Amino acid sequence: MSDAGGNAESFDAIIKKGDIFMRERILTVLEKNARIKTDDLAGVLGEDLDKVKEEVNNMENEKVICGYHTIINWDKCGMEKSDAFIEVKVTPQKGTGFDQMAERIYQYPEVSSIFLISGSCDFIVFIEGKSMREVAMFVSEKLSPLDGVLSTTTQFILKKYKQDGFMVEGPERDKRTEIS
């Protein structure tokens, strides 16, 4: 096998990087439950605990696993928050394309996520603010004035129903047993 640069890589070297199938299984479980203890993870996978610990550590070091987070329904906390998706059209930079613009945008602490996308705009930027005004001020004072930003369209999230595969809000279900 060879990589994009044409460098040959032996099968043994690939195996030493980790069992790709075990990695996929670990990632699948962690994606659904980041709080699972490593010994429980090893048990679920039917793998040796030390091997699982080593593989998780390797994936963290390689930035395959970039972090762990909790999904919070802020509406239930009584805390005011305002989240928005901002469509951003930019002029790609000579020599770096969209990467340099993305880097300039993601440096702001208000930016939670940024994605290069296909379609009518170039980036989707996810912003978390304390209020709609705070988000609007970020867009008007920081994002829109950046050299290379052609236009922005802000879309505020009014209600979350499902996030990252988890139900955040939905219709209340009657949990009583129906008697016929």
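Trainee: What covers the buried residues of α6?

Mentor: The cover includes β1, α5, β2, β3 and β4; buried means under 20% relative accessible area, exposed over 50% and partly exposed in between, with a 1.4 Å probe and protein chains only. This is a predicted model, in which local features need pLDDT of at least 70 and side-chain atom pairs count only at pLDDT 80 or more, whereas totals for chains, interfaces and linings use all residues. Residues are numbered from 1 along each chain as its sequence is written, and side-chain values use heavy atoms, leaving out hydrogens and water.

Trainee: Which residues of α6 are buried, and why do they lie on the same side?

Mentor: An α-helix has 3.6 residues a turn, so residues three or four places apart point the same way. In α6, V135, F138, V139 and L143 are buried. They cover an arc of only 95 degrees around the axis, which puts them on the same side of α6; the arc is that of the directions from the helix axis to the C-beta atoms. The face turned away from the buried side of α6 carries the exposed residues R133 and E141.

Trainee: In what order do the strands form the sheet?

Mentor: Strands of a sheet pair through backbone hydrogen bonds, either parallel or antiparallel. Here 4 strands form an open sheet in the order β2-β3-β1-β4, with antiparallel pairing; two strands pair if DSSP finds at least two bridges between them. Helices (H or I, at least four residues) and strands (E, at least two) are DSSP runs, numbered from the N terminus. The edge strands, β2 (111-116) and β4 (149-156), each pair on one side only.

Definitions and conventions. Contact = heavy atoms within 4.5 Å.
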